[in-house]
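Here is a short report on one protein chain. Take a look at the sequence and the structure first, then read on.

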Amino acid sequence: MSDFMTRARAAEQAMRTVFPATPLQRNAHLSKKYDADIWLKREDLSPVRSYKIRGAFNAMRKQQGQDLFVCASAGNHTQGVAFMCKHMDVRGVIFMPVTTPQQKIQKTRMFGGDNIQIHLTGDYFDHTLAAAQDWCAQQGGYFLSPFDDDDVIEGQASLAVEIEEQLGRLPDHVVLPVGGGGMSSGVATWFGDRTHCLFVEPAGGACLRAALAAGHPVALDKVDNFVDGAAVGRIGDKPFQLLRDRHLSDVIVLPEDRICTTMIEMLNVEGIVLEPAGALAIEAVGDVQSFVRGKTVVCVTSGGNFDFERLPEVKERAQRYSGVKKYFILRLPQRPGALKEFLNILGPEDDIARFEYMKKSARNFGSVLIGIETAKPENFLRLFAHLDDAGFVYTDITDDETLAQFVI
């Protein structure tokens with residue numbers, strides 16, 4: 001056994017004094033859907049509803065005598081640090097982006113109580129990180145990185161220790177969400193070449209793919225914060241050293257809207273609440289279905305800190321990606337009966353979800369913003385064909401991201 005594996009196992013054993021192992025559960029629905037033996041490592045069921053408590057625990061337990069810990073995170077890491085600050089009765093100063101969901105801010109306050117202070121700084125994580133590091137340098141505390149720290153990586157690897165022990169054998173594949181790379185590098189290092197690891201990133205934060213392509217960590221030009229638990233603009237240096245020999249073909253990049261379909265499916269079918277990053281690994285199985293057929297696959301559901309105020313947006317994104325909801329601008333003749341002609345074209349499964357129109361004076365036509373929900377994507381083929389036959393002029397704006405920001 002390597003030194004890393006020995007330390008990871010020791011971390012896993014030590015944290016049993018604080019919280020129990022998270023469940024490893026076989027999922028019958030996903031196993032049938034993908035014709036494989038699918039297991040979920042339920043990190044969403046940890047005391048802070050994510051795996052981040054592992055790294056915080058391991059790093060903080062090694063800093064004997066340290067009274068002040070400083071960290072920066074979009075939420076999950078801060079909750080782990082806050083939990084451990086209260087447990088160890090030490091002080092914590094926590095920096096979070098201004099855009100962090102309120103649910104994560106409130107839970108962080110709840111876990112840390114009087115032991116922590118929270119500073120909301122910056123719109124993006126990288127700005128928040130810089131502010132936290134500057135403050136820590138001035139005040140003399142211990143900066144606890146969310147991923148770029150050997151002790152944090154070692155603590156996150158305890159997740160892999162549990163997988164192997166709970167399964168009783170090695171899985172054929174482990175699917176890992178990637179943010180800054182702390183958990184994915186720790187788990188991949190534990191398994192080594194004994195198990196095949198797949199890495200999953202959101203399209204708006206694919207920092208591992210960019211680093212592997214360049215041969216070194218690079219800063220992304222732009223980061224989409226929707227998958228806030230994995231929206232990192234640059235993979236950590238230490239995680240990359242452990243992942244640098246991985247193949248690009250083992251990195252799966254998923255569109256943000258597609259991730260929403262799994263969030264809705266797991267909520268409706270299984271009653272499992274996942275945040276966007278927590279759904280990454282499950283959704284990625286669809287990209288490798290033929291490759292994993294008949295194999296044992298463990299998907300790490302990395303977090304369940306989901307603010308239900310975001311549910312309408314998640315549903316909207318899922319419907320648009322699935323093709324059952326579209327928005328278009330209709331050029332409607334300004335004459336009596338024109339609207340009725342349009343309504344008569346709608347099919348029995350078509351439902352108007354959005355309708356905005358104001359009659360314009362001295363014009364023959366007016367523009368109507370329309371949102372349509374339907375039961376099957378193919379229903380839109382029929383609808384658009386009938387609109388064409390009737391001579392209506394329309395523009396589908398569903399995938400026009402610039403326009404959608406203003407009207408959807």
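What covers the buried residues of α3?

## About the model

This is a predicted model, in which local features need pLDDT of at least 70 and side-chain atom pairs count only at pLDDT 80 or more, while totals for chains, interfaces and linings use all residues. Residues are numbered from 1 along each chain as its sequence is written, and side-chain values use heavy atoms, with hydrogens and water left out.

## A covered helix

The cover of α3's buried residues includes α1, β2, β3 (68–72), α4, α7 (150–156) and α8 (158–167). Helices (H or I, at least four residues) and strands (E, at least two) are DSSP runs, numbered from the N terminus. Buried means under 20% relative accessible area, exposed means over 50%, and partly exposed is in between (1.4 Å probe, protein chains only).

In α3, 9 of the 10 residues are buried, so the helix is largely enclosed by the rest of the structure. Among the buried ones are Lys-52, Arg-54, Phe-57 and Met-60.

## Domains and cores

The domain assignment gives domain 1 (1–50 + 151–314), domain 2 (67–140) and domain 3 (323–407). Such bounds come from an automatic or database domain assignment. The C-alpha centres of domain 2 and domain 3 lie 47 Å apart.

In soluble globular proteins, nonpolar side chains tend to be buried together. A nonpolar core is a set of buried Ala, Val, Leu, Ile, Met, Phe, Trp, Tyr and Cys residues joined through side-chain atoms within 4.5 Å. Here the largest one has 45 residues. Val-70, Val-174, Leu-176, Val-187, Phe-199 and Leu-208 have the most contacts inside it. Domain 1 and domain 2 both give residues to this core, so it lies between them. Another core lies apart from it, with 34 residues, including Leu-30, Ala-279, Cys-299 and Phe-306.

Which residues does Leu-176 touch, not counting those up to four places away in sequence? They are Met-183, Ser-184, Val-187, Ala-188, Cys-197, Leu-198, Phe-199, Val-200 and Val-300. Contact means heavy atoms within 4.5 Å.

## Two crossing helices

The axes of helix α1 (residues 3–14) and helix α9 (residues 182–191) come within 9 Å and cross at roughly 115°. Axes are lines fitted to C-alpha atoms, for helices over the stretch in contact, and angles run from 0 to 180 degrees between N-to-C directions.

Helix α1 brings Phe-4, Met-5, Ala-8 and Arg-9 to the contact, and α9 brings Gly-186, Thr-189 and Trp-190. By class, that gives 4 nonpolar, 2 polar and 1 charged residues. Ala, Val, Leu, Ile, Met, Phe, Trp, Tyr, Cys and Pro count as nonpolar, Asp, Glu, Lys and Arg as charged, and the others, Gly among them, as polar.

## Single residues

Tyr-34 sits in helix α2 (residues 28–34). Is Tyr-34 buried or exposed? Tyr-34 is buried, with a relative accessible area of 6%. Beyond its neighbours within four places in sequence, Tyr-34 is in contact with Ile-282, Val-285, Gly-286, Gln-289 and Arg-293. Tyr-34 and Phe-57 are 23 residues apart in sequence and 36 Å apart in space, C-alpha to C-alpha.

Arg-49 is not a glycine, yet it has a positive phi of about 60°. Arg-49 lies in the loop between β2 (37–42) and α3 (52–61), and is partly exposed at 23% relative accessible area. Asp-89, also not a glycine, has a positive phi of about 55°. Asp-89 lies in the loop between α4 (76–88) and β4 (91–96), and is exposed at 59%.
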